[in-house]
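Hi,

Here is the structure I promised to pass on.

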Amino acid sequence: MSFSDSDNSSHGGEYKTLRHVSRDRLLYEMLQTPKSGDSRSSWKVLIMDKVTLKVMSNSCKMSDITDQGVSLVEDLYRRRQPLTSMDAIYFIQPSKENVVLFLSDMSGREPLYRKAYVYFSAPISKDLIARIKRDTSVLPRIGALREMNLEYVTIDNQGFITDHERALEELFGDDAENSRKSDACLNVMATRIATVFASLKEFPFVRYRAVNLDGDTMTTVRDLVPTKLAAAVWNCITTYKSSVPNFPQTETCELLIVDRSVDQIAPIIHEWTYDAMCHDLLNLDGNKYVYEVPRKSGGPPEKKEVLLEDHDPIWLELRHTHIAEASERLHDKMTNFVSKNKAAQLQQRNGGELSTHDLQKMVQALPQYSEQMEKLSIHVEIAGKLNKIIRDMDLRELGQLEQDLVFGDAGTKEVMNFLRTKQDVMNENKLRLMMIYASIFPENFEDDKASQLMQLAKLPHADTKAVKNMKLIAGSDTGKTSKGAFSLKFDSAKSKHKLRKDRSGEEKTWALFRFYPMIEELIEKLSKGELPKDEYQCMNNPSPSSNGNQMNSGAPHGPHSMRSRRTATWAKSGSSDDGYSSDSVSRNGKKMGKRIFVFIIGGATRSELRVCHKLTAKLGREVVLGTTSIDDPPQYITKLKLLSEKELLN
């Protein structure tokens with residue numbers, strides 16, 4: 001099955017999200033292909049490498065794969081048993097090592113499989129194609145040889161990563177001057193970003209945060225990272241115009257490439273949504289939460305695992321809501337269940353209002369305790385844990401100070417007072433506060449001032465490194481003086497050390513829900529065509545029929561402003577318990593405008609992913625977040641410390 005423009009792009013036909021398109025392509029364009037009248041080949045073997053396995057597992061469930069006739073999934077790099085009566089599907093990167101292993105499998109008198117259907121995740125070189133064709137014993141055994149052009153990892157309906165966990169280190173660290181290493185990193189990154197547009201059949205305007213080359217400031221290799229990546233992506237996409245069937249010949253969407261310097265506060269500030277707090281405060285293994293269930297027979301409790309992901313409707317409903325609102329909704333759900341259940345009512349003989357914990361225990365004791373109620377009970381447990389951690393760590397006061405700093409309502413006096421009076425605050429939380437403070441008041445980290453501040457905070461020398469390394473991300477900036485070594489590029493020119501302005505027309509229902517990532521402003525300006533052209537340049541030479549105004553066609557028109565809505569509007573549940581996702585928007589019959597893609601080099605945050613969902617509903621255009629990795633605050637701080645390490649940790 002081949003995809004045309006109308007199958008999966010936003011400019012015609014049924015609307016599909018990035019993850020939906022990725023899943024469909026893998027299942028129906030690749031896995032469904034091999035067909036034979038011989039019943040022996042009805043079951044297939046799927047062979048992947050490390051990268052393509054991650055691509056597949058984040059787009060498809062195992063049941064999806066087996067439904068397409070795959071009975072066995074194998075690792076290309078492991079020794080495998082011959083299955084000569086079965087066909088094999090190879091989904092692999094187009095590397096020399098992979099091609100050699102494939103040829104080894106299928107050459108000679110006794111190949112491992114009956115027939116091979118080979119799909120490369122990215123464009124393959126002519127040399128490697130020639131190498132395959134030269135092996136005359138393999139050629140007749142190849143049923144398909146194609147470029148899938150799908151080498152990104154979906155993390156959400158509207159998010160993907162290129163899986164470059166060490167992008168910060170390789171592009172902004174001590175070794176960033178090693179052009180060969182950094183260029184190799186950027187080239188792979190560009191290839192993977194470009195495959196997103198090949199999958200969606202979208203041709204973007206490629207915009208990027210440019211360097212001001214006016215001669216007043218020395219430009220470093222770190223400053224040029226977005227420019228280099230934009231050029232590499234543009235080269236890949238222009239190739240697709242002539243090589244990918246049905247690829248658009250005029251621009252259909254927007255791509256904005258920035259690096260972590262646009263917002264150094266978002267990765268470290270405490271974000272108060274359910275999703276962000278789960279990953280920040282709980283010891284999760286990826287999206288996996290481990291919990292304990294009492295055994296009916298007694299003895300030690302049984303350990304179980306649950307994945308906090310899109311397949312869970314409660315997670316979808318709550319993930320982007322404030323933790324207080326999530327807790328309220330969970331209590332209401334439990335109360336509602338108990339009120340409709342006679343067995344539960346009988347247990348409530350003593351009267352009085354029950355706590356959420358009491359309701360949870362009551363529901364677990366019911367005979368018809370279902371899978372759905374089990375998940376609800378798990379979320380009640382998680383919310384309870386989070387609220388306890390917030391109380392025990394006194395995070396509300398810290399969170400208030402963080403946000404007051406960001407919006408200019410607090411300064412040095414308040415930070416010093418907090419450090420003197422809150423001696424029992426965890427080092428990690430004090431470090432995060434100091435990093436926010438350094439972003440806003442860089443002049444206070446000059447010379448000996450930095451060591452004095454860190455001594456007051458009683459932080460070890462290793463933590464000082466994280467604060468100092470923020471300037472490696474910030475790079476050079478014409479808008480700051482020599483004193484502003486830690487200043488953020490994006491906001492260095494703002495007065496009174498104010499890094500954020502309150503969002504006009506947005507009522508805040510919950511405390512500590514004031515903060516927003518800077519990409520929210522950038523995306524809105526991009527949608528309106530208001531990005532400063534000198535700061536954000538474009539690789540394309542727009543034709544008269546494809547200008548910036550055309551890209552605004554999906555945005556709301558007229559005097560009505562979506563800003564008049566209260567903040568909680570986008571967090572309300574819809575028919576799919578995810579009222580702000582493009583899935584529900586399209587199901588509700590709302591026509592989607594042109595897609596907007598934002599790619600952040602050096603890692604993105606859950607708050608930035610949340611903003612993309614929020615703006616999708618607000619702008620009527622699907623906003624897709626791409627990045628090198630999704631980082632929670634502890635991960636990001638560790639990576640930041642490694643920027644000045646000569647020996648990087650594995």
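**A buried glutamate and some salt bridges**

The side chain of Glu-251 makes a polar contact with the Asn-540 side chain, at 3.0 Å. Keep in mind that this is a predicted model. Glu-251 sits in the loop between helix 9 (225–243) and strand 9 (253–259).

Asp-263 pairs with Arg-500, with the closest N and O atoms 2.7 Å apart. This one ties together distant parts of the chain, 237 residues apart: Asp-263 is in the loop between strand 9 and helix 10 (274–281), and Arg-500 is in the loop between helix 21 (470–474) and helix 22 (519–528). Both partners, Asp-263 and Arg-500, are buried.

Arg-606 and Asp-632 form another salt bridge, again with closest N and O atoms 2.7 Å apart. Arg-606 belongs to helix 24 (residues 606–619), while Asp-632 lies 26 residues away in the loop between strand 14 (621–627) and helix 25 (633–642). Arg-606 and Asp-632 are both buried too.

There is also a network: Lys-16, Arg-23, Asp-24 and Asp-64 are joined by salt bridges that share partners.

Last, Arg-166 and Glu-169 meet at 3.2 Å, N to O. Arg-166 counts as partly exposed because its relative accessibility is 31%, whereas Glu-169 is buried at 6%.

Cheers

Key:
Residues are numbered from 1 along each chain as its sequence is written. This is a predicted model: local features need pLDDT of at least 70, side-chain atom pairs count only at pLDDT 80 or more; totals for chains, interfaces and linings use all residues. Side-chain values use heavy atoms; hydrogens and water are left out. Helices (H or I, at least four residues) and strands (E, at least two) are DSSP runs, numbered from the N terminus. A polar contact is a pair of N or O atoms within 3.5 Å; within protein, one must be able to donate a hydrogen and the other to accept it, and residues adjacent in sequence count only if both atoms are side-chain atoms. A salt bridge is a side-chain nitrogen of Lys or Arg within 4 Å of a carboxyl oxygen of Asp or Glu. Buried means under 20% relative accessible area, exposed over 50%, partly exposed in between (1.4 Å probe, protein chains only).
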